[in-house]
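Morning, everyone. Today I'll talk about aromatic rings and the charges over them. Here is the model.

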Amino acid sequence: MTDDLASQVKDVLTVDREEFQTRVEEDAEVIKEELANGTFDNPQAIVGFEYEFYAVDRETNALARVPRRLLELIGFEKELGLHNAEMSTSPQPLNEHGLAAQEAEVKARLSAAEERTTAEKMLLVSDGLWTIPPEGETTRGYLTDSIEDDGTRIASNMSDSVRYHAMANSEADVGMELDAPHVSLSADTVMPESLITSIQPHYQVPHARDLPAYFRYASRIAAPLLALGVNSPFFPPDLYDDAPATEIVDEAWMENRIGVFESVLNAEDPGKVRFPEDFESTEDAVDNIADDRTIVPMPVSRSDRFDDGFAHFRLKHGTYWRWVRPVFGGATRSDANARIEFRPIAAQPTVRDSIAFQAAFAGLLESTFRREHPVTHLDWVVARDNFYAAMRDGLDADLYWITNDGKETTDTEELYTDLFAHAKDGLQSRGLSDEQAAKYLWPLRQRARHGITPAGWKKREVRERIEDGANLEDAITGMQSTYIEKQVHTLIDGSFANWVGRGKKEV
């Protein structure tokens, strides 16, 4: 198997970079022609969802590798690490039935998957960053183990995705290291990225020409939504440098997932993974993707799919890593769409919390665009600085915002009052009742109102254990075991609010 994978990697590395780029640019012209013809327009907004998990041993909570046959049985897709699994929902119209269908599909497929994984003595965990390595192994070893097969570097615990393995063997510069407070790690592959998991809501714009305006709003709301969703303050304990435990806890970023993705895949400035630039036209968005630095040019096969008419461009887009990014796709001409993929949010403690972010994101884009919300005038540099402040400090970050009446503010209560009002307005404009919209947004309102996030909960749990005399390793492992145990009882039918005593009465 390894010999075959090494051979495939070698074949990929023979693809001519300049010829590949030429084909990408030709594909970009195809897309722009279809944009001019209105092919990517759709009369209504559509939503979709990607949801990543990692697997653990049901008895020990240690990270577990998912057998490939099991992935096929549960209908999930492989991701970077052997411990990862991902599901994607069927796109649905943004209305009460579409959102309900999104949540029902996630719950149905996850419930069915749990039956299979339970038989294998495994659990699928929804979380931002795993912290307990496989039993009998170190985190450092798991993330850095690799072999050299006839000059080709193969990561031992990485899925058999040729593109990921090729990154370690190409001329392209990628970071392949971790850089966070009190944590440092260098690797020969991009395997350290497999520490992190996320949710990715998609929003399909009705008219492709409006993509720049929607996108500008998406990048402005990225920071406040990220601040609500932070869920990865800790790394596996054996990755930390020698420092006082209280110092490590106090200085931990609330969303290390952002830093992991950037430090593992960035080696140049500007990095491949970064906060997205604004663009003036939809054609500019196409050109930005086409002109982005290529990591690994890949051989391309075509079929009768509509978007295989720009297959090289689609492949290039796979490494267009921005925290918010435009997407052009569609299996058929009638399904052709221009959409926005929202990537900042870590996987959440429960399905309901995850779907709350999908609803909030879609509702906000609906309302801010339709009402021409003045936050579109927030300077890009400020929006970027907001984003990284939210990454570091979560709800304690001083985020700059412009309210609906044009007031500039850093007041957290004013920001979220405005944000939730527009998220609710957007959902109601798509036919949801006042009660339905409020129910979707309720888990996030609770976080804003009471100043508690999953990352905040984790920090509190670890800090209390240290104050009771535990060392850092036992404190983090104990917190993680409690997280997993609580999730067992709430993943499908509860919310994070249940964890913090706020789940008995909904507003």
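A charge sits over a ring if NZ of Lys or CZ of Arg is within 6 Å of the ring centre and within 35 degrees of the ring normal. Take Arg 163: it lies over the face of Tyr 164, 5.2 Å from the ring centre. Lys 272 puts its charged end over the ring of Trp 321, at 5.7 Å from the centre.

Some ground rules. This is a predicted model, where local features need pLDDT of at least 70, side-chain atom pairs count only at pLDDT 80 or more, and totals for chains, interfaces and linings use all residues. Residues are numbered from 1 along each chain as its sequence is written, and side-chain values use heavy atoms, with hydrogens and water left out.

Now ring against ring. Rings of Phe, Tyr and Trp (its six-membered ring) pair if their centres lie within 6.5 Å; planes under 30 degrees apart are stacked, over 60 edge-to-face, the rest tilted.

How many aromatic pairs does the structure hold? There are 24. One of them joins Phe 261 and Trp 323, edge-to-face, with 5.4 Å between centres and 70 degrees between planes.

Next, Phe 306 and Phe 310. Their ring centres are 5.8 Å apart and their planes at 85 degrees, so this pair is edge-to-face. Phe 306 is buried at 12% relative accessible area; Phe 310 is buried at 1%.

Last, the cluster. Ring pairs link Phe 261, Phe 275, Trp 321, Trp 323, Trp 380, Phe 387 and Tyr 388.

Notes. Buried < 20%, exposed > 50% of the residue type's maximum accessible area, 1.4 Å probe, protein only.
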